[in-house]
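Hello,

Here is the structure I promised to pass on to you. Have a look at it first, and then read my notes below.

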Amino acid sequence: MDNPGRNEGRWCMEPDAAEGITTEAEIARLVRTFYARIREDEVLGPIFDKAIGEDWEPHLLKMCDFWSSVMLTTGRYKGQPMRAHLKLKTVTPKHFDRWLVLFRATAEEVCAPETAERFVEKAARIAESLQLGMFFKPQVHDPERKGVCG
């Protein structure tokens, strides 16, 4: 190891997590700018307002922790995103598409190009994972399972 102790306390270091790619301040700016846009969005705003309620601050802080964990591997986020998203019965794959469009636009505005692209790549993978958990139906997607009740 080139720098003993450098990764001390980090049990999961992603190979593409680049030192210096972003900062906590940039993450906070991205999260707050993005969710301000979500609140104003005619499609996504009502969905988020219903799920979050009046006080958005706890959600914003949780999302800062989430993106800190994703981008800086800090491990601060302790939530269960799949469980939270499974509760959203009115969400469709098109909502994820809209979320990603807004996220990309915000990341490109707030971050340097390389950093924005890193955020967007991570967001796309996360969205894909959530969609698989929320919408994948083996009986529809697997020809051998067609007609199988589950």
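**Aromatic rings and a helix pair**

Y77 counts as buried, with a relative accessibility of 18%. The cut-off for that word is under 20% relative accessible area. Please keep in mind that this is a predicted model.

Let me stay with Y77 for a moment. Which ring does Y77 pair with, alongside F66 or elsewhere? The centres of the F66 and Y77 rings are 5.1 Å apart and their planes stand at 90°; angles over 60 degrees count as edge-to-face, so this pair is edge-to-face. F66 belongs to helix α3 (residues 57–72), while Y77 sits in the loop between α3 and α4 (81–86), so the pair ties together parts that are 11 residues apart in sequence. F66 is buried too, with a relative accessible area of 12%.

The model has 12 aromatic pairs by the rule used here. Another of them joins F34 and Y35: their ring centres are 4.8 Å apart and the planes make an angle of 75°, so this pair is edge-to-face as well. F34 is buried at a relative accessible area of 1%, and Y35 is buried at 5%. Ring pairs link these residues into a cluster, whose members are F34, Y35, F48, W56, F66, W67, Y77, W99, F103 and F119.

Two members of that cluster, W99 and F103, bring us to helix α5, where both are buried. Helix α5 covers residues 93–110, which makes 18 residues. From its first C-alpha to its last, α5 reaches 26 Å, close to the 26 Å expected at 1.5 Å a residue.

Where do the buried residues of α5 lie around its axis? The buried ones are H95, F96, W99, L102, F103, T106, A107 and V110. They cover an arc of only 135° around the axis, which puts them on the same side of α5.

Finally, look at how α5 meets helix α6 (residues 113–135): their axes come within 10 Å and cross at roughly 170°. Angles over 145 degrees count as roughly antiparallel, and α5 and α6 are therefore roughly antiparallel to each other. The crossing of α5 past α6 is right-handed.

Enjoy exploring it!

Best wishes

Technical notes:
Residues numbered from 1 in each chain as written. Predicted model: local features only at pLDDT ≥ 70, side-chain atom pairs only at ≥ 80, totals over all residues. Heavy atoms only, no water. Phe/Tyr/Trp six-rings, centres within 6.5 Å; stacked < 30°, edge-to-face > 60°. Buried < 20%, exposed > 50% of the residue type's maximum accessible area, 1.4 Å probe, protein only. Helix = DSSP H or I, 4+ residues; strand = E, 2+ residues; numbered from the N terminus. Expected span 1.5 Å × (residues − 1). Arc of directions from axis to C-beta. Axes fitted to C-alpha atoms, helices over the stretch in contact; angles between N-to-C directions. Parallel < 35°, antiparallel > 145°, perpendicular 65-115°, else oblique. Left-handed = near helix turned anticlockwise from the far one by under 90°.
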